[in-house]
Amino acid sequence: MQPAKHEHWSSGFTFLLAAVGSAVGLGNIWRFPYVVAENGGGAFVLIYLAIVFVFGIPLLMSELMIGRSSQKPPLSAIQTFGRGSRAKKLWNALGWSYLLVPLGILTFYSVVAGWTLDYAFGMSIGTFNNLEDGASASMFQDLLQSPIKLVFWMTLSIGITVGIVARGLKSGLEQTVKILMPALFVILIILVLYASITGDFAKSFAFMFEPDFSKITPELVLMAAGQAFFSLSLGSGAIMVYGSYLTRDISIPKMAVGVALADSGVALLAGFAIFPIVFAFGVDHSAGPGLVFVTLPIVFNDMGGIGQIFGVLFFLLLAFAAVTSTISLLEPMVAQLSEEGTFKRARAAIYSGAVLWVVGVFVALSNNILSDVHPLGFLPLFEGKTIEGVIEFLSANVFMLLNGLLVSVFVGWSIKRTVTLEEMGLGDSVLFKIWFMLVRFVVPLGVGFIFYDVVL
Ligand code: TRP
């Protein structure tokens, strides 16, 4: 069978929609606000933004470059560049890691995406109306304790993702982001406007932008770095495979800056959609992962009739943000199997989805039936971690950071400077030199340090 043809984005703008869609996800709307709340507000936001600019943008550029220059899916792309190198085996392993990390992330991401579907559905049929005290916390627990519900919604989430990716770049991914991304922005703006008019905007502003420098600790920096990497979809094949669909006339540095700005912008806006109402209603803002699933339903409930509408909108927003990210997490494997392997795209999507589903079931059940299973519990680093915990730690902490570290060394030291110089399209300018210096020295040292601290 003929390998599938390599497609291209219709325009730089559709690429931007898709890449921003990948970056903007549960990480921005669900995770960012509660991590900010748990880590002292403004100080965290400041460090987070600094990391996005100093590490994030150079790495986005590097990953886009490998994809665009090779015009191949992640494993083949990295192998192509690594072929002549002395460290060929290492780069080969890096390629595999870029291919597999997204699937690892997707296993637990699909479960949480399922929660958002459950909540969007529940909100729309009025399940959260007239909540009694404490009911919202126990409803969230009920969801986590229900294997059937978790698996059902996860299956739907994976099904949607497979359905879109199976249709290919133009009729699948592009069509989806063209509809969902504008919808996402409109909903977000409505929610921010509503929250800042009715809620405590001034307090939220101070909370997010007035840093208390005494709160900056090594742990805070680590949390901020992890959040930045995850939020920008770095260290996995997502950005790289999207880069491979870019044509040569598009400026990689401009696209990278666009993605980083939009992604941090949405994270901050999510804060302004959530904190003003949380502060105004005086509910606990440091509720951790339950912030949007436990706290917000209480707030929507207190708003009366209109609250239900905002509740549906909010969880739809989360679900849309999740879908545009899950498609980017499945795409690397599907592109690899269909362009370099012998599978038709639709089959590649179904097979990867099936493997994902099987692992996903174990991940979902580690919230309940399998909560006492600690697969690598005999190792100190994995003590007490469930199946979900192990997969999340390995994919979203260990390998995501390690990939970022290695890819900067790869681009800075192994790939020829003439190649990167041409791909960046900046000429031999100051900007190019700054980028090159960041990628050669600052990023590897910085990420190496973070990695050492998180993992070793
Ligand atoms: N960036 C997305 C979010 O914030 C999640 C995501 C999509 C991702 N693709 C990724 C994370 C690749 C890491 C790697 O929700």
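This is a predicted model: local features need pLDDT of at least 70, side-chain atom pairs count only at pLDDT 80 or more; totals for chains, interfaces and linings use all residues.
I started with the ligand: the space it takes up is the largest cavity. For my own reference, a cavity is a set of points on a 1 Å grid over the protein atoms alone where a 1.4 Å probe fits but cannot get out. A molecule sits in one if more than half of its atoms lie within 2 Å of its grid points.

Residues are numbered from 1 along each chain as its sequence is written, and side-chain values use heavy atoms, with hydrogens and water left out.

**Entry 1**

Which elements give two or more residues to the shell around the ligand? I found α1 (12-23), α2 (26-38), α5 (88-124), α10 and α14 (305-340). Helices here are DSSP runs (H or I, at least four residues), numbered from the N terminus. I got 17 residues surrounding the ligand, with A23, G27, Y109, F230 and S236 the closest; the cut-off is a heavy atom within 4 Å.

Next I looked up polar contacts, meaning pairs of N or O atoms within 3.5 Å. A polar backbone atom of A23 is 2.9 Å from a nitrogen atom of the ligand. For L26, a polar backbone atom is 3.1 Å from a ligand oxygen. S328 uses a polar side-chain atom, 3.4 Å from a ligand nitrogen. On its own the ligand has 350 Å² of accessible area, and the protein covers 100% of that (Shrake-Rupley method, 1.4 Å probe).

Most residues other than glycine have a negative phi. Q71 has a positive phi of about 55°, and S233 has one of about 60°. Neither is a glycine.

Where do they sit? Q71 is in the loop between α3 (42-70) and α4 (74-82). S233 is in the loop between α10 (218-231) and α11 (237-244).

Are they buried or partly exposed? Q71 counts as partly exposed because its relative accessibility is 25%, while S233 is at 9% and so counts as buried. The cut-offs are under 20% relative accessible area for buried, over 50% for exposed and in between for partly exposed (1.4 Å probe, protein chains only).

**Entry 1: R345**

I finished with R345, which is in helix α15 (residues 345-365). R345 counts as buried because its relative accessibility is 15%. Leaving out residues up to four places away in sequence, R345 touches V165, A166, G168, L169, Y245, E331, V334 and S338. Touching means heavy atoms within 4.5 Å.

Definitions and conventions
A polar contact is a pair of N or O atoms within 3.5 Å; within protein, one must be able to donate a hydrogen and the other to accept it, and residues adjacent in sequence count only if both atoms are side-chain atoms. On a 1 Å grid over the protein atoms alone, a cavity is a set of points where a 1.4 Å probe fits but cannot get out, and a pocket is an open set with protein on both sides within 12 Å along at least five of seven lines; lining residues have an atom within 4 Å of a point.
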